[in-house]
Number of protein chains: 2
Amino acid sequence: MILHHSGRATAGRIGILATLLAEQKAITHREIEQRLPQSLQLDRVTLYRTLEWLVENGLIHKITSDDRVWRYHANHESHSHQHAHFKCTGCAQVICLDSLPTEQSWPLPTGYRFQEIELTVKGLCANCC
Amino acid sequence: MILHHSGRATAGRIGILATLLAEQKAITHREIEQRLPQSLQLDRVTLYRTLEWLVENGLIHKITSDDRVWRYHANHESHSHQHAHFKCTGCAQVICLDSLPTEQSWPLPTGYRFQEIELTVKGLCANCC
DNA sequence: ACAATGACGCAACATTGTTGCATTTGTATC
DNA sequence: GATACAAATGCAACAATGTTGCGTCATTGT
């Protein structure tokens, strides 16, 4: 586990990162809480702060969604830094897609500056079809 | 005002729709409240329900955002049904972009069914540059 | 003008996330 | 290994946004 970042390698951080690494899809704060082993029961606030720290240190990324809930996913190498996401409208699961969301070929009004693109494809996953 | 939909043409609905039509950008529930004339002070809940009704009847659309706040915008003809959005990371304003977010050329895993695409470009608006 | 049904207002609640502060714990240093 | 300091944690309270239930009011078709 590479935790040579600006902070301490605490049990909570390691456990949370391990939980996210073990998961194929992006999961919510609540789902992370449920998946943590009993030996590692953390406070809600600590979990929020730990996730924030993991995001800041580039170990995970968080995904916005239309249900106002952040979902978190470990930064696997297989996915490029910028990638699109898929959300199932049936079961609300979110996965990361490989394809990059095209270059900045989006015509912005004059004077506007491009920074980042956020793309979510919605549909039904194999289970919900 | 074309309110020949499944419901009544109440002062609240007309006023809210007029407020949204007068606005170039997509605005939040709170911003709508502030812009309503003093002659039309609505309950918070009524505003939520009215916005929901306007969305269902295709007169406005709502936009998800990373700050967990819905923004609403009137359905002008100049924008196609499906369109991308731009959010300024400085002042948090959201506008609608004309370009459609490309066709469904997004490689989903096998067994997945495409429904809809949601695209937000982030950057700085002319004022915040 | 009247009745029925939809819209509204109020209160209470739900969910998600944040802040302040005291306590505990990792880590560098001795 | 012991120690001290800063960082991490836990607890309580708060904040923002949105939702539900229910009684009352008002628009609309007749």
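**Why these labels apply: loops, ring pairs and salt bridges**

Q: Where is B:Ala92 found in chain B?
A: B:Ala92 is in the loop between S4 and S5 of chain B. The model is predicted.

Q: What makes the phi of B:Ala92 worth a remark?
A: Most residues other than glycine have a negative phi. B:Ala92 is not a glycine, yet its phi is positive, near 70°. A:Ala92 also has a positive phi, about 70°, and lies in the loop between S4 and S5 of chain A.

Q: Why is A:Ala92 called partly exposed?
A: Its relative accessible area is 28%. The label covers values between 20% and 50%, so A:Ala92 at 28% is partly exposed. B:Ala92, at 27%, gets the label partly exposed too.

Q: How many aromatic pairs does a search of the whole structure find?
A: The search finds two over all chains.

Q: Why is the pair of A:Phe86 and B:Tyr112 given its class?
A: The ring centres are 5.0 Å apart, and the planes stand at 65°. Pairing needs centres within 6.5 Å, and edge-to-face needs an angle over 60 degrees.

Q: Which label, buried or partly exposed, goes to A:Phe86, and which to B:Tyr112?
A: A:Phe86 has a relative accessible area of 0%, and buried means under 20%, so A:Phe86 is buried. B:Tyr112 has 21% and is partly exposed.

Q: What makes A:Tyr112 and B:Phe86 an aromatic pair?
A: Their rings are 5.0 Å apart centre to centre, with 65° between the planes, and the pair is edge-to-face. This pair also crosses between chains: A:Tyr112 is in the loop between strand S5 (94-96) and strand S6 (113-124) of chain A, and B:Phe86 is in strand S4 (residues 85-88) of chain B. B:Phe86 counts as buried at 1% relative accessibility.

Q: How do you know that A:Glu23 and A:Arg35 form a salt bridge?
A: Their closest N and O atoms are 2.9 Å apart. The cut-off is 4 Å, so the pair qualifies. The bridge links distant parts of the chain, twelve residues apart: A:Glu23 is in the loop between H1 and S1 of chain A, and A:Arg35 is in helix H2 of chain A. A:Glu23 counts as buried at 15%, whereas A:Arg35 at 35% is partly exposed.

Q: What makes A:Lys87 and A:Asp67 a tie between separate parts of chain A?
A: A:Lys87 forms a salt bridge with A:Asp67, with the closest N and O atoms 3.2 Å apart. A:Lys87 lies in strand S4 and A:Asp67 in the loop between S2 and S3, so the bridge ties together parts that are 20 residues apart in sequence. A:Lys87 is buried, at 8%, and A:Asp67 is partly exposed, at 29%.

Q: Which elements hold the two ends of the pair A:Glu118 and B:Lys122?
A: The pair crosses between chains, from A:Glu118 in strand S6 of chain A to B:Lys122 in strand S6 of chain B. The two form a salt bridge with closest N and O atoms 3.1 Å apart. A:Glu118 is partly exposed at 23%, and B:Lys122 is buried at 9%.

Q: Which residues are joined into one network by salt bridges that share partners?
A: The network consists of A:Asp66, A:Asp67, A:Arg71, A:Lys87, A:Lys122 and B:Glu118. Over all chains, the structure holds twelve salt bridges.

Q: How many residues of chain A are in contact with chain B?
A: 37 residues of chain A touch 37 residues of chain B. The buried area is about 3,300 Å², with carbon and sulfur atoms giving 61%. Between the chains there are two salt bridges and 15 residue pairs in polar contact. S6(A) gives the largest share of the side of chain A that touches chain B, twelve residues.

Q: What packs against the buried residues of H1(A)?
A: Strand S1 (27-28), helix H2 (29-35), helix H3 (44-56), strand S2 (60-63) and strand S3 (71-74) of chain A do. Among the buried residues of helix H1 (residues 11-21) of chain A are A:Ile16, A:Leu17 and A:Leu20.

Definitions and conventions: Residues numbered from 1 in each chain as written. Chains lettered and ligands numbered in written order. Predicted model: local features only at pLDDT ≥ 70, side-chain atom pairs only at ≥ 80, totals over all residues. Heavy atoms only, no water. Phe/Tyr/Trp six-rings, centres within 6.5 Å; stacked < 30°, edge-to-face > 60°. Buried < 20%, exposed > 50% of the residue type's maximum accessible area, 1.4 Å probe, protein only. Helix = DSSP H or I, 4+ residues; strand = E, 2+ residues; numbered from the N terminus. Contact = heavy atoms within 4.5 Å. Buried area = accessible area lost by both parts, 1.4 Å probe. Salt bridge = Lys/Arg side-chain N within 4 Å of Asp/Glu carboxyl O. Polar contact = N/O pair within 3.5 Å; in protein donor to acceptor, adjacent residues only side chain to side chain.
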